[in-house]
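Please read them beside the sequence and the structure.

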Amino acid sequence: QSFPTELDVELPPTRRLLERVPGDRGAWKPHEKSFSIGHLAQLVARMPGWLTFTMRQPSIDLSGAPGYSLENTETLLAEFDRNVKEAREALAAARDEDYIQPWSLKQGERTFFTLPRIAVMRQNVNHLIHHRGQLSVYLRLLNVPLPSIYGPTADERW
């Protein structure tokens with residue numbers, strides 16, 4: 001029961017950050033080794049879908065994962081909203097025992113890890129928070145005003 005409450009805290013500020021991604025700057029990167037802002041925003045928009053997949057499948061094989069494309073902000077928000085809705089539905093349908101089932105991350109024949117679903121779900125949320133933090137730095141570097149995430153920012157008071 002606590003996991004959906006955690007999402008209630010983390011997902012709204014994530015969406016507010018995605019709303020500010022400048023659609024005309026998708027190819028911009030802060031460094032040659034960095035993801036572009038468009039790819040990073042697409043990753044953040046897709047990540048709530050990882051929760052759905054984790055609850056509905058026993059594993060994922062990364063060898064079939066889609067690549068990145070540069071999408072406009074409206075498309076990213078629609079993908080984020082769809083993924084959040086589906087994740088909430090998957091969590092609402094889950095039973096306590098579903099959370100302790102093993103789940104594996106694979107690439108072809110290689111298994112990177114197998115953990116209980118609840119550990120993977122928490123890892124997914126932590127991973128989302130990490131990339132959301134990166135996205136906030138990208139936006140700051142582009143002089144885009146930052147929304148409140150856990151408290152006021154230099155741009156937005158509570």
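1. Which element supplies the largest share of the lining of the largest pocket? Helix H2 (37-56) does, with seven residues, where helices (H or I, at least four residues) and strands (E, at least two) are DSSP runs numbered from the N terminus.

2. This is a predicted model, in which local features need pLDDT of at least 70 and side-chain atom pairs count only at pLDDT 80 or more, whereas totals for chains, interfaces and linings use all residues. Residues are numbered from 1 along each chain as its sequence is written, and side-chain values use heavy atoms, with hydrogens and water left out.

3. The largest pocket holds about 720 Å³ of space. Here a pocket is, on a 1 Å grid over the protein atoms alone, an open set of points where a 1.4 Å probe fits, with protein on both sides within 12 Å along at least five of seven lines, and lining residues have an atom within 4 Å of a point; the volume is the space filled by probe spheres set on the points, which are joined across faces, edges and corners. Of its 24 lining residues, Arg46, Trp50, Ile60, Leu62 and Ala65 are the closest to the centre.

4. Besides H2, helix H3 (73-93), strand E2 (102-107) and H4 each supply at least two residues of that lining.

5. Helix H1 (residues 2-19) packs with helix H4 (residues 117-141) at an angle of about 20 degrees, their axes lying 10 Å apart, which makes H1 roughly parallel to H4 (angles under 35 degrees count as such; axes are lines fitted to C-alpha atoms over the stretch in contact, and angles run from 0 to 180 degrees between N-to-C directions).

Methods. Parallel < 35°, antiparallel > 145°, perpendicular 65-115°, else oblique.
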